[in-house]
Amino acid sequence: MKKITAVLLAMCLLGGCHSTAIPETKEKQPSAPQTPAEAPHTPAAPPQTPEPPAAEGLFGAYRGQARTVIAEMSTEDLAAQVCFVRYPEAAGLTAVLDAHPGGLLLFARDFEGLSAEKTQQKIDACQRSSPFPLLIGADEEGGTVCRISANPQLRAARFPSPQQLKAQGGLEAVKADAKEKAALLRGLGVNVNLAPVADVCDENAYMYPRTWGGSAAETAQYVGACVTAAEEAGLGCVVKHFPGYAAQDNTHQKAAVDLRSMQELQSAALPPFQAAIEAKAKAILVSHHQVPALEEGLPASLSPKTMAYLREEMGFEGVIVTDDLSMGALKEWGGESACAEKALAAGADLLIVTDFAGARQAILKALESGALPRARLEEAAERVICWKLWLGLF
């Protein structure tokens with residue numbers, strides 16, 4: 001507790017005129033340790049719009065504060081903060097929380113049968129059990145992918161798909177939908193939505209039902225409107241799946257190769273992601289597709305050239321998130337733990353993992369061997385902490 005208090009005090013001193021971006025944090029009174037199931041319920045804070053950074057760059061106002069936090073972290077904590085962990089079965093939750101992950105990603109099973117109050121209690125308990133605030137994420141795209149609104153106790157009906165929104169009212173319907181999602185998710189304690197889907201593909205593609213269903217230019221308008229509305233309402237967005245599904249196979253099952261030329265990518269796939277960047281999206285998810293136009297022989301999620309293109313050519317300054325490293329497309333690359341270190345070394349900042357212990361250990365071993373520079377880990381952790389500061393989690 002002394003350590004965390006010292007970090008928060010230093011952050012306040014460094015924050016100066018930006019201190020209003022971080023809500024006041026009161027030190028907990030000493031009490032008997034509580035398991036997540038025993039922690040008392042505290043009502044979730046109402047949605048608030050994070051203050052925009054006053055300094056240059058996407059996270060400019062928060063870098064000094066983030067570095068103060070990182071300076072007080074152990075190497076083990078740094079390795080954990082870059083992991084976005086699939087919410088484990090009940091028996092494994094305590095072990096995950098004891099290792100201080102960067103965040104927890106919840107799926108439909110984790111909301112099933114729960115009322116709003118029980119959901120809040122479940123998430124609040126996790127936050128109380130972590131010395132560092134957690135990203136709490138879910139995929140609430142609308143349509144076929146609704147982890148939260150699939151539960152009728154949390155919403156009377158599923159959120160509509162992007163194509164349904166287009167038919168109902170176009171971009172104005174998108175904005176209203178994004179604001180309603182933000183209010184619901186934040187009210188439950190979920191601070192990150194893994195949406196919107198920015199892929200552009202035809203009707204025969206696996207991803208098509210989850211997309212806007214229009215051209216690259218039309219999809220770019222949708223993505224920009226969605227990101228702006230959601231983030232103005234205080235909800236973090238993860239725009240996916242860079243550099244874009246087309247007609248490729250489902251990477252949940254097996255490897256997929258995108259043979260489009262660079263010119264084709266630039267005209268037919270990348271505009272929605274550029275629109276997200278211009279809308280100041282804080283996170284973009286990179287897929288496991290192999291895209292030879294960007295880098296031959298590597299999935300995008302493990303490709304240094306793909307990460308560099310997103311940073312240098314497209315100007316993205318936010319958090320690069322990998323797709324789930326447990327997916328079938330990465331089996332031939334050594335599986336989840338091996339790919340955790342490879343993705344981080346390639347330039348990713350936040351790794352979606354199921355085997356948290358294995359991924360964390362792989363990162364620590366790579367640091368020890370010199371295969372992963374410590375500066376790369378600190379850079380990734382800094383972006384993650386900046387995102388948390390923007391979200392008002394500290």
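V85 stands opposite V353 in β11, within a predicted model in which local features need pLDDT of at least 70, side-chain atom pairs count only at pLDDT 80 or more, and totals for chains, interfaces and linings use all residues. Residues are numbered from 1 along each chain as its sequence is written, and side-chain values use heavy atoms, with hydrogens and water left out. Strand β1 (residues 83-86) and β11 run parallel and are joined by three bridges. Strands (E, at least two residues) and helices (H or I, at least four) are DSSP runs, numbered from the N terminus, and two strands pair if DSSP finds at least two bridges between them.

**Six-stranded sheet**

- An open sheet is formed by six strands in the order β7-β6-β3-β2-β1-β11, with parallel pairing.
- Its edge strands, β7 (236-237) and β11 (351-353), each pair on one side only.

- Another open sheet has three strands in the order β8-β9-β10, and the pairing is parallel.
- β8 (239-242) and β10 (319-322) are at the edges with a single partner strand each, so one side of each has no neighbour in the sheet.
- Neighbouring strands of this sheet are turned by 30° against each other on average, direction ignored.
- Strand β9 (residues 283-286) runs parallel to β10, and four bridges join the two.
- L285 has V321 as its bridge partner in β10.
- Helix α10 (residues 271-278) lies across β8 and β9 and runs at about 145° to β8; axes are lines fitted to C-alpha atoms, for helices over the stretch in contact, and angles run from 0 to 180 degrees between N-to-C directions, with contact meaning heavy atoms within 4.5 Å.

**Cavities**

- The structure holds two cavities of 30 Å³ or more; a cavity is a set of points, on a 1 Å grid over the protein atoms alone, where a 1.4 Å probe fits but cannot get out, and lining residues have an atom within 4 Å of a point.
- The largest cavity has a volume of about 70 Å³, where grid points are joined across faces, edges and corners and a volume is the space filled by probe spheres set on the points.
- D177, A178, K181, N193, A195, P196, C226, A230, L235 and C237 line the largest cavity.
- α7 (162-188) and α8 (216-232) each supply at least two residues of this lining, and α7 gives the most, with three residues.
- The lining of the largest cavity comprises seven nonpolar, one polar and two charged residues; Ala, Val, Leu, Ile, Met, Phe, Trp, Tyr, Cys and Pro count as nonpolar, Asp, Glu, Lys and Arg as charged, and the others, Gly among them, as polar.
- The second largest cavity holds about 40 Å³ of space, and its lining consists of E141, L165, V174, D177, K181, A195, P196, Y222 and C226.
- For the second largest cavity, α7 and α8 each supply at least two lining residues, with α7 giving the most, four residues.
- By class, the lining of the second largest cavity has six nonpolar, no polar and three charged residues.

**Aromatic pairs**

- The structure holds three aromatic pairs; rings of Phe, Tyr and Trp (its six-membered ring) pair if their centres lie within 6.5 Å, and planes under 30 degrees apart count as stacked, over 60 as edge-to-face and the rest as tilted.
- The ring centres of W212 and Y222 are 4.7 Å apart and the planes are at 10°, so the pair is stacked.
- This pair links distant parts of the chain, ten residues apart: W212 is in the loop between β6 (192-193) and α8, and Y222 is in helix α8.

Conventions:
1 Å grid on protein atoms, 1.4 Å probe; cavity = no way out; pocket = protein on both sides within 12 Å on 5 of 7 lines; lining within 4 Å.
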